[in-house]
Amino acid sequence: MAKIQNISEIHPTLGVTEFDILEKYRKSFHASELGSLHSVFPFESIAKEIGLSQSRLGRRNSFSPSAKIALMVLKAYTGFSDRLLVEHLNGNIHYQLFCGIMIDPSCPITNYKIISAIRNEIASLDIYSLQKILASYWKPYLENLHVCMTDATCYESHMRFPTDMKLLWESIEWIYRHICQHCRDLGIRRPRNKYTDVAVSYLSYCKKRKRKASRTKMLKRRMIRLLEKLIIQRDDIHREYGSSLTYTQDYQKRLSIIRKFLVQEKELFEGRNVSDRIVSIDRHYVRPIVRGKETKSVEFGAKANNIQIDGISFIEHISFKAFNEGIRLKDCIRMHQKLMNVRVRCVAADSIYANNANRKFCTKYGISTSFVRKGRAAKDEAVRKVLRSELSRERATRLEGSFGTQKQHYSLSKVKARNRKTEILWIFFGIHTANAILMIDKIKNRQKKAA
């Protein structure tokens with residue numbers, strides 16, 4: 001028996017008793033929440049849109065296209081790490097039924113990196129075309145399609161809080177380690193520098209709870225000079241022995257990031273402002289996003305502007321750079337109308353969206369808003385006030401509440417993906433797995449009403 005097989009392929013090989021047990025597992029799976037989640041997610045359509053296919057040439061894929069999408073949903077639903085998800089997949093028949101596979105207990109999956117490999121394979125996805133598929137699949141069960149709610153949030157990356165000293169030392173350590181490696185490979189003498197002295201000073205700096213600004217500035221100057229010298233020494237080695245050395249793509253990419261970071265640090269040390277500032281050497285695409293919260297003044301991760309339709313959230317715009325969501329209200333309304341093919345009549349949004357351009361746009365097209373009234377009261381002000389209050393309450397409870405639900409229960413509090421594309425994919429499946437759970441109750445309620 002193969003290590004992993006599709007369930008449809010093993011039916012002819014099962015005896016009557018084994019087949020009966022599998023049918024009992026299947027019935028219990030369909031009665032569970034996991035089975036309901038499987039029924040409300042269009043795996044085949046999403047796999048087809050991404051471009052996944054079962055290759056007929058070469059080695060046979062362990063997971064079918066639909067199973068790969070199911071694995072991403074299962075990871076968001078369980079919140080497990082890649083290693084833990086593989087362990088549970090080996091022993092949990094419901095998880096295997098969710099992915100449409102059967103794993104031989106005598107030959108379990110041991111390579112937990114297969115989850116990461118699948119994530120990288122499907123990372124180049126167009127989230128807007130996929131959301132159109134989900135919207136068309138869920139639209140028959142949604143109500144109040146004319147009401148659009150919108151707000152922005154930050155899905156933080158899993159990274160330590162960045163400081164100049166940490167990033168400088170990380171860069172120095174990486175460059176110095178590779179210089180030592182190059183010298184060993186070439187059999188040449190290691191160039192002289194102040195690495196050991198700076199390492200002792202940095203360790204002493206880290207141990208101190210109270211740090212004087214003058215000493216911090218002095219150490220920072222030494223670290224900038226050392227990093228600059230190490231880069232020069234590395235370039236000298238490359239200039240003389242470059243033909244004897246081989247560099248990986250990751251090495252060259254990281255080196256270019258460190259060069260850019262050094263330029264930024266020198267400008268900051270001289271008191272100049274720096275735009276597009278690097279806050280992580282590993283995740284060089286992440287930028288500081290000032291949110292102005294009481295507990296977190298700055299967040300580091302992807303900022304997403306979401307719209308919500310009857311409790312179901314969709315990503316309108318996502319970026320790792322800070323942007324003003326207040327100018328995106330028109331785009332939110334247009335996206336809502338494209339997804340639902342229904343004209344928007346009411347909009348609930350935060351006060352940051354209540355600029356004059358948005359007010360004029362909503363007035364022009366007869367869209368009621370939750371914005372605080374400006375100017376003289378209308379004749380039907382009492383009705384409008386009730387509508388504004390209801391829209392504001394719904395936005396504050398349902399939309400902002402959905403952000404907390406996604407972050408606490410669907411692995412979006414700290415996104416642990418390691419590059420830009422997989423991080424966006426992680427966020428996409430976290431949001432829409434939370435949506436699918438809500439759709440279970442909506443579909444059941446609709447079926448009860450129909451009955």
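Which residues in H10 meet which residues in H13?

## Helix H10 against helix H13

Asp 164, Leu 167, Leu 168, Glu 170, Ser 171, Trp 174, Ile 175, His 178 and His 182 in H10 meet Tyr 251, Arg 254, Leu 255, Ile 258, Phe 261 and Glu 265 in H13. Contact means heavy atoms within 4.5 Å. By class, this contact has 8 nonpolar, 3 polar and 4 charged residues. Ala, Val, Leu, Ile, Met, Phe, Trp, Tyr, Cys and Pro count as nonpolar, Asp, Glu, Lys and Arg as charged, and the others, Gly among them, as polar.

The axes of H10 (residues 164–186) and H13 come within 11 Å and cross at roughly 135°. That makes H10 oblique to H13. Angles under 35 degrees count as roughly parallel, over 145 as roughly antiparallel, 65 to 115 as roughly perpendicular and the rest as oblique. Axes are lines fitted to C-alpha atoms, for helices over the stretch in contact, and angles run from 0 to 180 degrees between N-to-C directions. Helices (H or I, at least four residues) and strands (E, at least two) are DSSP runs, numbered from the N terminus.

## Basis of the model

This is a predicted model, in which local features need pLDDT of at least 70, side-chain atom pairs count only at pLDDT 80 or more, and totals for chains, interfaces and linings use all residues. Residues are numbered from 1 along each chain as its sequence is written, and side-chain values use heavy atoms, with hydrogens and water left out.

The largest pocket has a volume of about 540 Å³. It has 22 lining residues, and Thr 363, Ile 367, Thr 369, Arg 384 and Arg 388 are the closest to its centre. A pocket is an open set of points on a 1 Å grid, where a 1.4 Å probe fits, with protein on both sides within 12 Å along at least five of seven lines; lining residues have an atom within 4 Å of a point. A volume is the space filled by probe spheres set on the points. The lining has 8 nonpolar, 5 polar and 9 charged residues.

The second largest pocket has a volume of about 440 Å³. Its lining counts 13 residues, with Asp 250, Lys 253, Asp 282, Arg 418 and Asn 419 nearest the centre. H13 gives the most to this lining, with 4 residues.

## Cavity

The structure holds 1 cavity of 30 Å³ or more. In a cavity the probe fits but cannot get out. About 90 Å³ of space lies in the largest cavity. H17 supplies the largest share of its lining, 4 residues.
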